[in-house]
Amino acid sequence: MKKRIIVSVIALPLLVLLIFFAPLGAFGCFAGLVSCIAATEFLRCTETSLNKRITAYTAAVAASIPILTAFSLTVFIMPVFFALITALFAELLISFRFEKPMDIETVANCVFTGAVMPMLLSALVRLGDTQEASVYILLPFVTAFSCDSGAYFAGMAFGRHKLAPRLSPNKTIEGSIGGFFGSVLFMLIYGLVLRSAGFEVDLTVMALFGFLGGLMCQFGDLCFSAIKRVCGAKDFGGVIPGHGGVLDRFDSIYFAAPLIEILVLWTTPILPR
């Protein structure tokens, strides 16, 4: 727990600085790095015998999609995706030279990690094209990290009833409620901070964002937990002390960011005065 808190205290201010003071391209490169490492971790967990060549170009495509999005080069996303599909099926055909050819599930896993997951994560970058880019990019992080922290501390303090014991033994109903409370509370606090900075903020809509964001965060967390349980893994990796792998830390972002993007397209809770 000590490592978890120390990493959070160091990483969160750096993330805020990156979002508010660096150009969108720099944030896109950060999202690309996250996407690349997450793809590698996912494949390492689900594909125990996958060769390094397939992992390398799947991770490269995963990295490229958020970066291309950030630099307004989305016209190249389809060619990159097509190249990945072509390469994967070429690998499938070549593998028939051997006694045991590559499984079709491997192709599906690589498409999911190399294309689908990066497109979901790129919602963070696409939020950078909104009128108040920086304040909107931070929304998925606020709801995800506050939901995770609220669930963690509420579960530690009050957790008695298991939420999904076969899927995630440590998660409790009390922790889940704490996650919703934390997400709504910190989204409202974020709204008040923006108001004090001169923005017009609809706090009712922000609370709704917090609730729905908390719902998607917990859903995403459980989805990736299910993948780990199927593969018999405790964590996707160990590069972040106290948190596990990059995908263990960003799993809920993959669901929260697209939802926030959709909600922002439907309504505008934050406006400049």
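Here is a walk through this structure, from its inside to its surface and its charged pairs. The model is predicted, so local features need pLDDT of at least 70 and side-chain atom pairs count only at pLDDT 80 or more, while totals for chains, interfaces and linings use all residues. Residues are numbered from 1 along each chain as its sequence is written, and side-chain values use heavy atoms, with hydrogens and water left out.

Let's start with helix α11, residues 253-266. Helices here are DSSP runs (H or I, at least four residues), numbered from the N terminus. Now for its surroundings. Buried means under 20% relative accessible area, exposed over 50%, and partly exposed in between (1.4 Å probe, protein chains only). Because 10 of its 14 residues are buried, α11 is largely enclosed by the rest of the structure. Those buried residues, including I253, Y254 and L263, pack against several helices, among them α2 (24-46), α7 (133-158) and α9 (203-231).

What about the nonpolar interior? A nonpolar core is a set of buried Ala, Val, Leu, Ile, Met, Phe, Trp, Tyr and Cys residues joined through side-chain atoms within 4.5 Å. The largest one has 51 residues, and L139 and F141 have the most contacts inside it. Helix α7 gives this core its largest share, 10 residues. Leaving aside residues up to four places away in sequence, F141 touches L15, I19, F27, L124, S146, F250 and I253, where contact means heavy atoms within 4.5 Å.

Finally, the charged pairs. A salt bridge is a side-chain nitrogen of Lys or Arg within 4 Å of a carboxyl oxygen of Asp or Glu, and the count comes to 7. R126 is partly exposed at 25% relative accessible area, whereas E261 is buried at 17%.

E91 and R53 form another salt bridge, also listed at 2.7 Å, N to O. E91 lies in helix α4 (residues 77-94) and R53 in helix α3 (residues 52-70), so the pair ties together parts that are 38 residues apart in sequence. Then there is K228 with D248, whose closest N and O atoms are 2.9 Å apart; K228 and D248 are both buried.

Terms used: Helices (H or I, at least four residues) and strands (E, at least two) are DSSP runs, numbered from the N terminus. The expected span of a helix is 1.5 Å times one less than its number of residues.
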